[in-house]
Each structure stands twice: as structure tokens, then as C-alpha cells.
Amino acid sequence: MIDELIKKISEDKENRDRFENIFIERQVAARTVLLNEGEIACYIHFIKKGCLRECFNKDGKDITFQFFFEGQPVASIDSVMNNIPSLFSIESIEPTTILSVKKQDFEMLLLTYPELKDKFQSFIFQRFSNYARLFLSRIKDTPQERYEDLVKNQPNIIKRIPQHYIASYLGITPVSLSRIRNRK
């Protein structure tokens, strides 16, 4: 998505100067918090390289509920759109390169390039679908079934994400995850 957007801007002589410098590129180390739970989000991030997670703290326990990889946008959408405190944090898992854009600039981009709005909305709908599947899986599936589904449908998570984050994402302890993996 981000590559398409940058290409579109660079090819658009009329708007190139207007949008050329709205993206802030940053390299962040692993375990860098980009947004803390309770802060109001002002940026939408696009991952050029690396991995981010969304998580929250429940009674001192770190709970991961989403992972993001190259090419994907990441933000606390509710916080950015409604100017309210974020319900979760966004943190890098590995060294990551991101392009960040302020909400106002992103809104101008979407008004200028409406076809990108459709792509962004599609991504948001997919994200809500992922949340619904995760929620239902926590209710109806065993930890073993959740792990098997992850291996089958999201192998990039298994390959790149540390086990303690995977366990948190599956709603189990690292020890339980180790037992499940050893049964295979």
C-alpha cells in the first residue's frame, strides 16, 4: 500500500511538492514503543521493513492481539479518528523501518487520491475481520486448535515472532505453548 502511495505521489506533478515531505521515515530498535496505551494517536505508520504488534496491559500481564508486517498500515484507528486515548500500545518486535504520516496529512492524501481510500478501508475491514476471528477463536477453540490455525494460516508469525508474544496472542502461557509445540 505504501509503495503504491509513494509512487502515485512521485508521478503526480501537480501534487508532488505538496505531499513530498509529509512522511517521516524512522528506523526503530526492537521493543520501541510508538504509542502508549492511554495516549492520543496522531500518526498512521506504514511498515517498510520489520514487525510491529498491538498490545495492552491487563493487571500487569502483557497481552498481544495483533501483528503487522511489511507494507501494512498500523495505527490506533479509534484514537486517531476520534482524538481519544488509545486502548492499546504499538511496539516494534524487531528492528523496524516505518514511514509515519500525521492524521491531517493522511486525510488530505485520501481526498486527493480517493482510490487509496478504498484500499485503506479494505485493510480496515480485513483488520476487523481478524479481530472477530480471534475473539471467536478464544471462545470456541482449544489452545491446540488456535495454535494449529496459526501455523496453517499465518506461518509468518510462527517464523518471525518470539514465542512469548505468540503465547500471549493465543491467550496461553509460554509453558503451555511449549507443550503444544512438543506434541507435534
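The model is a predicted one, in which local features need pLDDT of at least 70 and side-chain atom pairs count only at pLDDT 80 or more, while totals for chains, interfaces and linings use all residues. Residues are numbered from 1 along each chain as its sequence is written, and side-chain values use heavy atoms, with hydrogens and water left out.

We can begin with two helices, where helices (H or I, at least four residues) and strands (E, at least two) are DSSP runs numbered from the N terminus. The axes of helix H1 (residues 2-11) and helix H5 (residues 114-140) come within 11 Å of each other and cross at roughly 175°; such axes are lines fitted to C-alpha atoms, for helices over the stretch in contact, and the angles run from 0 to 180 degrees between N-to-C directions. Angles under 35 degrees count as roughly parallel, over 145 as roughly antiparallel, 65 to 115 as roughly perpendicular and the rest as oblique, and H1 and H5 are therefore roughly antiparallel. On the H1 side the contact (heavy atoms within 4.5 Å) is made by Glu4, Leu5 and Lys8, and on the H5 side by Glu115, Leu116 and Lys119.

The aromatic rings come next. Rings of Phe, Tyr and Trp (its six-membered ring) pair if their centres lie within 6.5 Å, and planes under 30 degrees apart count as stacked, over 60 as edge-to-face and the rest as tilted. By this rule there are 10 aromatic pairs. In one of them, the ring centres of phenylalanine 19 and tyrosine 113 are 6.1 Å apart and the planes stand at 50°, so the pair is tilted. This pair links distant parts of the chain, since phenylalanine 19 is in helix H2 (residues 16-19) and tyrosine 113 is in the loop between helix H4 (103-112) and H5, 94 residues apart. Phenylalanine 19 has a relative accessible area of 1% and is buried, and tyrosine 113 counts as buried at 5%; here buried means under 20% relative accessible area, exposed over 50%, and partly exposed in between (1.4 Å probe, protein chains only). Another pair is formed by phenylalanine 106 and phenylalanine 120, whose centres are 4.8 Å apart with planes at 65°, so this pair is edge-to-face. Ring pairs also link Phe56, Phe65, Phe88, Phe128 and Tyr131 into a cluster.

A nonpolar core is a set of buried Ala, Val, Leu, Ile, Met, Phe, Trp, Tyr and Cys residues joined through side-chain atoms within 4.5 Å. The largest one has 49 residues, of which Phe23, Leu109 and Ile161 touch the most other members. Leaving aside residues up to four places away in sequence, isoleucine 161 touches Cys51, Phe67, Phe69, Ile93 and Ile166. Isoleucine 166 lies in helix H8 (residues 163-170) and, at 0% relative accessibility, counts as buried. With the same exclusion of residues up to four places away, the residues that isoleucine 166 touches include Phe67, Leu150 and Leu177.

Finally, the backbone deserves a look. Most residues other than glycine have a negative phi. Arginine 31, although not a glycine, has a positive phi of about 65°; arginine 31 is found in the loop between strand S1 (24-28) and strand S2 (33-35), and counts as exposed at 55% relative accessibility. Asparagine 83, likewise not a glycine, has a positive phi of about 55°, lies in the loop between helix H3 (77-82) and strand S7 (89-92), and counts as exposed at 54%.
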